[in-house]
Amino acid sequence: MSSGAIALVGASGSGSTNVSLMTVGFTESKEIDFYGFARQPWPVFSDEGTPEIGDLAPATVTVGGVNYSVYALNWSSTSGLKFVVLDDAQSLSVSSVTSIATSQGTYTLSGATFSSTNKSGSNYSQWLLTTEDNYFNFAEDAQTNVTFTAV
Amino acid sequence: MYQLRVIEPTAVDMSIVDTLYNGNKKVIDENSNNIPLGRIKGKLSSVAPNKLNIEVLDGSGEVVAYTAGRIRKNAYHCTTIVTKSARVFTISTQEPWHTILKEQGCTHLLAYVVVGTPMHALMVQSIGRTDLYKAMPNEATEGNTVISLELL
């Protein structure tokens with residue numbers, strides 16, 4: 001019975017969710033606006049020279065019961081959404097995290113470009129979603145819930 | 001001589017931007033290090049918290065410049081300027097710009113410039129009005145930088 005119940009949950013496609021509180025960071029250059037959260041080694045590059053922006057608490061996304069540390073969750077006016085997590089075992093795929101939502105809208109990651117990158121000996125999984133929709137368009141330092149939906 | 005007014009980003013007339021840009025392309029391209037016009041328009045038209053766009057009109061009511069930026073922590077972060085001529089910009093940014101920024105509660109102007117351009121030189125020289133603006137020291141020698149000017 002219990003295994004049947006598990007199968008039913010899986011078939012529903014609902015996934016699991018976890019919620020973090022983002023303090024929205026902002027920085028800019030002459031041609032690019034950056035909104036959201038970024039920390040080393042995944043900085044943003046602005047004319048202001050503020051590579052780390054915003055905050056995320058907890059800075060994790062839960063996939064299959066495992067917490068992965070988030071290093072970038074931001075939108076820029078030239079690249080769209082960037083979402084990066086530490087994934088040393090390289091166990092994640094494009095479909096591991098299905099959506100990311102704020103009160104302004106929901107990014108669906110099925111259309112994102114997924115890649116794995118090694119920086120300073122650690123592996124990171126990265127989702128890049130080309131979109132003009134900026135769902136982090138809050139005032140600088142505003143706080144908003146971010147809901148991650150994962151498999 | 002010039003009238004400045006705050007406008008919504010959605011009120012920027014892109015056909016006027018085209019006219020201003022095409023008439024002053026060489027100067028604008030030099031000052032921006034050839035940022036594509038589409039991105040300049042994006043900066044002008046994007047809607048964002050604390051956005052401050054200023055429209056400049058001459059004595060006949062013709063729009064002769066737009067600026068775009070955001071007010072953050074009592075400073076106007078000005079990233080984008082499209083103007084009919086360098087002279088229009090210099091004159092309109094002296095007393096009129098100073099006045100309107102003060103009215104908005106700003107204590108500083110932060111100018112996003114490319115090092116070595118005429119705009120960079122103008123900003124480090126306090127827009128030629130040291131009685132109104134005081135440029136802070138800036139050590140950048142290349143690339144993009146932000147010049148901070150105190151509004152006196």
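Trainee: How do you know that E8(A) and strand E9 of chain A pair?

Mentor: In this predicted model, E8(A) and strand E9 (residues 105-108) are joined in the antiparallel sense over 4 bridges. Pairing takes at least two bridges, so the call holds. A hairpin of 2 residues links E8(A) to E9(A).

Trainee: What makes strand E8 and strand E12 of chain A a pair?

Mentor: Strand E8 (residues 97-102) and strand E12 (residues 143-150) of chain A have 4 bridges, in the antiparallel sense. At least two are needed, so they count as paired. Within E12(A), A:Thr149 is the bridge partner of A:Ser99.

Trainee: Which residues have the most contacts inside the largest nonpolar core?

Mentor: A:Val61 and A:Ala72 do, in a core of 39 residues. Strands E3, E5, E6, E7, E8, E11 and E12 of chain A each supply at least two of its residues. E6(A) gives the most, with 6 residues.

Trainee: Which residues is A:Val61 in contact with, leaving aside its neighbours within four places in sequence?

Mentor: They are A:Asn18, A:Tyr68, A:Val70, A:Val85, A:Val97, A:Phe148 and A:Ala150. Each is called a contact because the C-beta atoms lie within 7 Å. A second, separate core has 36 residues, among them B:Ile28, B:Ile35, B:Leu44 and B:Leu122.

Trainee: Which residues of helix H3 of chain B are buried?

Mentor: In H3(B), residues 37-45, the buried ones include B:Ile40, B:Lys43 and B:Leu44. The word applies because 20 or more other C-beta atoms lie within 10 Å of a buried residue's own.

Trainee: Why are the buried residues of H3(B) said to line one face of the helix?

Mentor: Seen down the axis of H3(B), they fall within an arc of 100°, so they line one face. In an α-helix, residues three or four places apart point the same way. The buried residues of H3(B) pack against helices H1 and H2 and strands E2, E3 and E4 of chain B.

Trainee: How many residues of chain A are in contact with chain B?

Mentor: 12 residues of chain A are in contact with 16 residues of chain B. By class, the chain A side has 2 nonpolar, 3 polar and 7 charged residues.

Trainee: What is the mean pLDDT of chain B, and what does the model score?

Mentor: The mean for chain B is 94, and 100% of its residues reach 70 or more. The model scores ipTM 0.88 and pTM 0.89.

Terms used: Residues are numbered from 1 along each chain as its sequence is written. Chains are lettered from A and ligands numbered from 1 in the order in which they are written. This is a predicted model: local features need pLDDT of at least 70, side-chain atom pairs count only at pLDDT 80 or more; totals for chains, interfaces and linings use all residues. Two residues are in contact if their C-beta atoms, placed from the backbone, lie within 7 Å. Ala, Val, Leu, Ile, Met, Phe, Trp, Tyr, Cys and Pro count as nonpolar, Asp, Glu, Lys and Arg as charged, and the others, Gly among them, as polar. A nonpolar core is a set of buried Ala, Val, Leu, Ile, Met, Phe, Trp, Tyr and Cys residues joined through C-beta atoms within 7 Å. A residue is buried if 20 or more other C-beta atoms lie within 10 Å of its own, exposed if 12 or fewer, and partly exposed in between; C-beta atoms are placed from the backbone. pLDDT is the predictor's confidence in each residue, from 0 to 100. The arc is that of the directions from the helix axis to the C-beta atoms.
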